[in-house]
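Here is a short report on one protein chain. Please look at the sequence and the structure before reading on.

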Amino acid sequence: MQTDCMESQLLNLIRVYRLRMDRIEILRSAGINDRNNVDKLLLLLRDDMKLVSDQRRDWQSQWQKWLQEGGTLGNGRNYNAHHMQLREIENLLRQHQAGMEARRADIQMRIATLNRDLIRHQEKIRFAEEQQADLKNQDAKIIRRHESDQNEDTGLRKWFSEQLIPAEMRF
């Protein structure tokens, strides 16, 4: 029957959509793992920035103490060099953090796109399954109608055969 062919095509389409969903889910899981790894790196960067901030605070404290004690020019150069090193480290950490945050945002956008694709494929599967169910219902109606027609035909044949038999031969 034509509906069997259509039903078979719908089943194949559902299988294809499910395979695509599996592939998308694998990519989505990989993206989530990548995002989690970036999150871990960002936490480490924040810890490093806190260490540098603590060192800067210590440096400020030592610098103020040195100034109060009437520090010499030689020590001032050392303190200034230390200050410059801390500033370079902070700048490098900020640049690295900005790059990691941009990477995380990119990963998050890919995950969101994959989530939308998953939802779209779920809707397609649901639609194809509804179409398949409709075809099965149509087939069942056709079969019931055919059986009903056959029953009517059998009844009519019996009635006609009875009509063709003379009345005295009936019973």
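A residue is called buried when its relative accessible area is under 20%, exposed when it is over 50%, and partly exposed in between (1.4 Å probe, protein chains only). The model is predicted: local features need pLDDT of at least 70 and side-chain atom pairs count only at pLDDT 80 or more, while totals for chains, interfaces and linings use all residues. Residues are numbered from 1 along each chain as its sequence is written, and side-chain values use heavy atoms, with hydrogens and water left out.

**The chain as a whole**

The protein chain has two helices and zero strands. Helices (H or I, at least four residues) and strands (E, at least two) are DSSP runs, numbered from the N terminus. Helix H1 covers residues 2-68, and helix H2 covers residues 73-164. Of the 171 residues in the chain, 20% count as buried. Taking contacts (heavy atoms within 4.5 Å) between residues at least 6 apart in sequence, 87% join residues at least 24 apart.

**Two buried residues**

Leu 10 is in helix H1 and counts as buried because its relative accessibility is 14%. Leaving aside residues up to four places away in sequence, Leu 10 touches Ala 128, Gln 131, Gln 132 and Leu 135. Leu 10 and Glu 129 are 119 residues apart in sequence, yet 7.6 Å apart in space, C-alpha to C-alpha.

His 121 is in helix H2, and its relative accessibility of 4% makes it buried. With residues up to four places away in sequence again not counted, His 121 touches Tyr 17, Arg 20, Met 21 and Ile 24.

**Salt bridges**

A salt bridge is a side-chain nitrogen of Lys or Arg within 4 Å of a carboxyl oxygen of Asp or Glu. The whole structure holds 10 salt bridges, including these:

| Asp 34 | Arg 110 | 3.9 Å |

Asp 39 is partly exposed, at 23% relative accessible area, and Arg 104 is partly exposed at 27%.
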